[in-house]
Amino acid sequence: MTATKKKVRSQGGGLRSSLIKKPIKHWFPLFMGPTIIAFAIGFVWPFIQGIYLSFCKFRITSDATFIGVGNYIKAFKDASFMHAFWYTALYAVVSVLIINVLAFAIALALTQKIKGSNLFRTVFFMPNLIGGIVLGHIWSMIFDGILAKYNTSILLETKYGFWGLVILMCWQQIGYMMIIYIAGIQAIPDDIIEAAEIDGANRWQTLVNITIPNVMSSITICTFLTLSNGFKLFDQNLALNGGQPFIFKADGSVVKTTEMLALNIYSTFYGSNTAARGTAQAKAVIFFVLVAVIGLLQLKFTREKEVQQ
Amino acid sequence: MAASLTGEKVRRTVLSVFFALLSLLWIFPIVLVILNSFKINTFVKTNTFSIPAGEMWAGFSNFVKGMTFGNYPYLKSVGYSFLITIVSTAVILLCTSMSAWYISRIDSLVCRIVYYLCVFSMVVPFQMVMFTLSKTADTLKFNTPFTIPVVYLGFGAGLAIFMFSGFMKTIPLEMEEAAVIDGCGPIRTYFQVVLPVLKPTLISVAILEIMWVWNDYLLPYLVLDRTKYMTIPIHIQYLKGSYGVVDLGATMAMVLMGIIPVIIFYLCCQKYIIKGVAAGAVKG
């Protein structure tokens, strides 16, 4: 009886839903219009034009002439760009490891019913709300305050700039990743952990065999988030030391030793040499492909994890 | 048994103390900002970690200097930051939630294309479009604080539509059907039936957009006509970089003024902020 009732109801739902669809359809301009227009102005058109301009020689968008792949060749031959690429990759790997290990450790400790854990969470998450430019200036003051005692500055050594940025990003991102890990750890059913305890597993065995396999999806999300944040980093890089120290080469080119990809693209676009804008746009396309690949891999891995569960 | 229980208690206390100390270390940079914003500029670099007492005490002179530095009053930047953040967030919430509802209820080719383009736009970094976007915005006169929300709607539509669409799928159709049968048109159905159900997602998206727009530097820097309009991040970068004069005391005073609204906002809506940010973790 109930089964037939249910069936009738769902059929009725299907029939009636056309009742909603029909009247809505006429309101396309109101519901979709503003978003589509803004999306075309703010994303679709600039994106298409950006792809086209990467094959052009131009100073302003209206004087573009098609030149083929020359910009890409120039981009790959640009020593400062290649340096920025390897520097960014190194930074991304180091920051992914440090941020995730520390965030996971903190999450693990704070899920053990210790006193004040809510307050600690609030404090650790707080830096995440502060913008990159402001963060950069706060930390450049702190590092210079320390380094001034040794008569040096964050602007003078590549290694200071590198580790300075790692520390800054740890301060900003550990709290965020911690929140994701805490959600993952709290989602593990209590009975699995109890069963492990009854079986005599010690803390370390529970962590390796129960906790970590069960939070793999959180680990995937956080790894990719920190990875793509690392590659896209701009504000903090600009405000902390702006790519200093610089190396001036014999051929007149400059390699900014702590400059990352996003900042390199920016300074190529808006530097004094406006003839390099085509190269800058080609660099931007390469950068986009790189970031998009990371994003798509993330999507693939998170989907796979969902299927397994 | 009793021994292991005391051991557990000791372990937890040790952890508590450790994290209490770590928390102090975590807020130390903010404390330093406060200390140095009241310190005379020359001491900021040499005595960064000391309390601004005696000859180092600058009173509110850093604040006065920062607020009147150059020919652009800081409070104007604060005002524009508030204006742009509030209007952009409101516009994004209204327009994208309406579009997401339409997309999830009407299964047409246009809707599908818009949806997939939105998902695609989430993996595109800003540097890819920054030059062409700023030129387009300039030509179409979206270079003022009153029109820049359109640019934010365009560039930020992806994540918002993605998040709203995900939630729309879970709303039972029966409620909307009941509204239609009772004689509601699509607009009333949307505002009186769908929007109230959408509230948790609206809050999450609002938090994400507020944090993005308020802290955003490069987009407004490139799009806005900088001789007339600045926001807080632009102003702070300008304070530090302009004329080659680095006045750290004044910069820290302005940094402090810039983060006070953020901290108040965080303390007020902490629960929603943490939830909203975790919900937005899908974006790479």
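Trainee: What domains does the domain assignment of chain A give?

Mentor: The assignment gives domain 1 (2-68) and domain 2 (73-308), with bounds that come from an automatic or database domain assignment. This is a predicted model, in which local features need pLDDT of at least 70 and side-chain atom pairs count only at pLDDT 80 or more, while totals for chains, interfaces and linings use all residues. Residues are numbered from 1 along each chain as its sequence is written, and chains are lettered from A and ligands numbered from 1 in the order in which they are written.

Trainee: What separates the centres of domain 1 and domain 2 of chain A, and how many residues of each are in contact?

Mentor: The centres, taken over C-alpha atoms, are separated by 33 Å. Contact requires C-beta atoms, placed from the backbone, within 7 Å; by that criterion 8 residues of domain 1 of chain A meet 8 residues of domain 2 of chain A. On the domain 1 side, α3 (33-53) and β1 (56-57) of chain A each supply at least two residues, and the largest share, 3 residues, comes from α3(A).

Trainee: How is the secondary structure of each chain counted, and what are the totals?

Mentor: Helices (H or I, at least four residues) and strands (E, at least two) are DSSP runs, numbered from the N terminus. Chain A has 14 helices and 4 strands, and chain B has 14 helices and 0 strands.

Trainee: Why is chain A called more spread out than a compact globule?

Mentor: The radius of gyration is taken over C-alpha atoms, and the globule rule is 2.2 Å times the number of residues to the power 0.38. For 309 residues the rule gives 19 Å, and chain A has 26 Å, well over that value, so chain A is more spread out than a compact globule. Its C-alpha atoms fill a box of roughly 85 × 60 × 30 Å along the principal axes.

Trainee: What radius of gyration does chain B have, against that of a compact globule of 284 residues?

Mentor: Chain B has 24 Å, but a compact globule of 284 residues would have a value near 19 Å. The box filled by the C-alpha atoms of chain B is roughly 75 × 75 × 35 Å, taken along the principal axes.

Trainee: What makes helix α13 (residues 261-270) of chain A count as largely enclosed?

Mentor: A residue is buried if 20 or more other C-beta atoms lie within 10 Å of its own, exposed if 12 or fewer, and partly exposed in between, with C-beta atoms placed from the backbone. In α13(A), 9 of the 10 residues are buried, so this helix is largely enclosed by the rest of the structure. Among the buried residues are L261(A), N264(A), Y266(A) and F269(A). Over whole chains, buried residues make up 43% of the 309 residues in chain A and 45% of the 284 residues in chain B.

Trainee: Which residues touch the most other members of the largest nonpolar core?

Mentor: A nonpolar core is a set of buried Ala, Val, Leu, Ile, Met, Phe, Trp, Tyr and Cys residues joined through C-beta atoms within 7 Å. Of the 152 residues in the largest one, A103(A), M177(A), M178(A), Y181(A) and V255(B) touch the most other members. Leaving aside neighbours within four places in sequence, the contacts of Y181(A) include A103(A), F104(A) and C222(A).

Trainee: How many residues of chain B are in contact with chain A?

Mentor: There are 76 residues of chain B in contact with 79 residues of chain A. On the chain B side, the largest share, 12 residues, comes from helix α1 (residues 2-37) of chain B.

Conventions. Two residues are in contact if their C-beta atoms, placed from the backbone, lie within 7 Å.
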